[in-house]
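Here is a short briefing on one protein chain. Look at the sequence and the structure first, then read the points below.

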Amino acid sequence: MVRVLNSHTDTIHKSRTDEHYHRTECGALSHVDHHEVEAVGDEFGDDAVSLCGRCFDTSGGY
Ligand SMILES: [Zn+2]
């Protein structure tokens with residue numbers, strides 16, 4: 001699985017591979033400049049960044 005890092009907010013999103021390269025599951029980065037977005041692998045440390053609650057469903061509630 002490819003993850004997308006928003007280097008501006010240090011947040012990891014899930015990448016949608018079926019469409020645009022920089023599209024995310026939650027669509028949060030559609031308005032973010034490409035130079036602030038970076039594709040990263042699964043091995044990218046979760047400790048260093050925040051996981052998007054909408055992409056990874058880790059928020060534990062709304
Ligand atoms: Zn997201």
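Helices (H or I, at least four residues) and strands (E, at least two) are DSSP runs, numbered from the N terminus. Two strands pair if DSSP finds at least two bridges between them. This is a predicted model, in which local features need pLDDT of at least 70, side-chain atom pairs count only at pLDDT 80 or more, and totals for chains, interfaces and linings use all residues. Residues are numbered from 1 along each chain as its sequence is written.

**Overall make-up**
- The protein chain holds 1 helix and 4 strands.
- Read from the N terminus, its elements follow the order β-β-β-β-α.
- Of the 62 residues in the protein chain, 18% are buried. Buried means that 20 or more other C-beta atoms lie within 10 Å of the residue's own; exposed means 12 or fewer, and partly exposed is in between, with C-beta atoms placed from the backbone.
- Among contacts in the protein chain with a separation of 6 or more, 56% link residues 24 or more positions apart. A contact needs two C-beta atoms, placed from the backbone, within 7 Å.

**The sheet**
- The 4 strands make an open sheet with mixed pairing, in the order β3-β1-β2-β4.
- β3 (37-40) and β4 (50-51) are the edge strands; each has a single partner strand, so one side of each lacks a neighbour in the sheet.

**Pairing within the sheet**
- Strand β1 (residues 3-6) runs antiparallel to β2, and 4 bridges join them.
- L5 has I12 in β2 as its bridge partner.
- Strand β2 (residues 11-14) runs parallel to β4, and the two are joined by 2 bridges.
- I12 has L51 in β4 as its bridge partner.
- T11 is bridged to S50 in β4.

**The hairpin and D10**
- The hairpin of β1 and β2 has 4 residues between the strands.
- D10 lies in the loop between β1 and β2.
- Most residues other than glycine have a negative phi.
- D10 is not a glycine, yet its phi is positive, at about 55°.
- Is D10 buried or exposed? D10 is exposed, because 10 other C-beta atoms lie within 10 Å.
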